[in-house]
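Work through the exercises below with the model open. Each task is followed by a stepwise solution.

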Amino acid sequence: MQTTSIKLYTMGYNEVKTYLVAAMFIVGNIALPQLCHLMSQGGMIWLPIYFFTLIGAYKYGWKVGLLTAIVSPLLNHLMFGMPAAAVLVPILVKSTLLALAAGYTASRTRKVSILLMAAVVAFYQIVGGLAEWAMADFNAAMQDFRLGLPGMALQIVGGYLFIKYLLRK
């Protein structure tokens, strides 16, 4: 299993660049779900609302990730009604967990690998699933594990490749 050292950034909320970088990832988190929703149950299968949150938080720090994690689902909901109001809070919880876990893992290891991506995705899905179970019911909490495995795989492999090859700087 290959682990690659990468240049990571930690941006503060007092920097304009933080908001510009977050805006790019927010746009990605708006566009990708729209593409995925073109197929039946595409959002539930591909989990697209999390993809750019993972990349933004891993590469640019938890603050960029947190902005992306919170603003993306809210804008998607306001603009397109997706995610539905009933699942907006659980998605915000999972997105926040993802941003914090990705930012922490990247700053702690200073590397990117498939295994690290898998650990981040497993963390936010398991802890987020437990939180969703506490808020709703077991079936709702397990939906990502029943339908979203392709999306988790996309986050792990796609996130790794995106960070490793496209964001080398």
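**Exercise 1: the α1–α3 contact**

Task: identify which residues of α1 meet which residues of α3, then class them.

Solution. Step 1: from α1 come V21, F25, G28, N29 and L32; from α3 come F51, F52, T53, I55, G56 and Y60. Contact means heavy atoms within 4.5 Å. Helices are DSSP runs (H or I, at least four residues), numbered from the N terminus.

Step 1: by class, this contact holds seven nonpolar, four polar and no charged residues. Nonpolar covers Ala, Val, Leu, Ile, Met, Phe, Trp, Tyr, Cys and Pro; charged covers Asp, Glu, Lys and Arg; the others, Gly among them, are polar.

The model is predicted: local features need pLDDT of at least 70, side-chain atom pairs count only at pLDDT 80 or more, and totals for chains, interfaces and linings use all residues. Residues are numbered from 1 along each chain as its sequence is written, and side-chain values use heavy atoms, with hydrogens and water left out.

Step 2: the axes of α1 (residues 16–36) and α3 (residues 51–60) come within 8 Å and cross at roughly 160°. Axes are lines fitted to C-alpha atoms, for helices over the stretch in contact; angles run from 0 to 180 degrees between N-to-C directions.

Step 3: α1 and α3 are therefore roughly antiparallel. The cut-offs are under 35 degrees for roughly parallel, over 145 for roughly antiparallel, 65 to 115 for roughly perpendicular, and oblique for the rest.

**Exercise 2: the largest pocket**

Task: which residues lie nearest the centre of the largest pocket?

Solution. Step 1: G43, M44, P83, V87 and I91 lie nearest the centre, out of 24 lining residues. A pocket is an open set of points on a 1 Å grid over the protein atoms alone, where a 1.4 Å probe fits, with protein on both sides within 12 Å along at least five of seven lines; lining residues have an atom within 4 Å of a point.

Step 1: α5 gives the most to the lining, with four residues. The lining has 14 nonpolar, seven polar and three charged residues.

Step 2: look at P83 again. A cis peptide bond joins M82 and P83, with omega about 5°. P83 is found in the loop between α4 (62–80) and α5.

Terms used. Helices (H or I, at least four residues) and strands (E, at least two) are DSSP runs, numbered from the N terminus.
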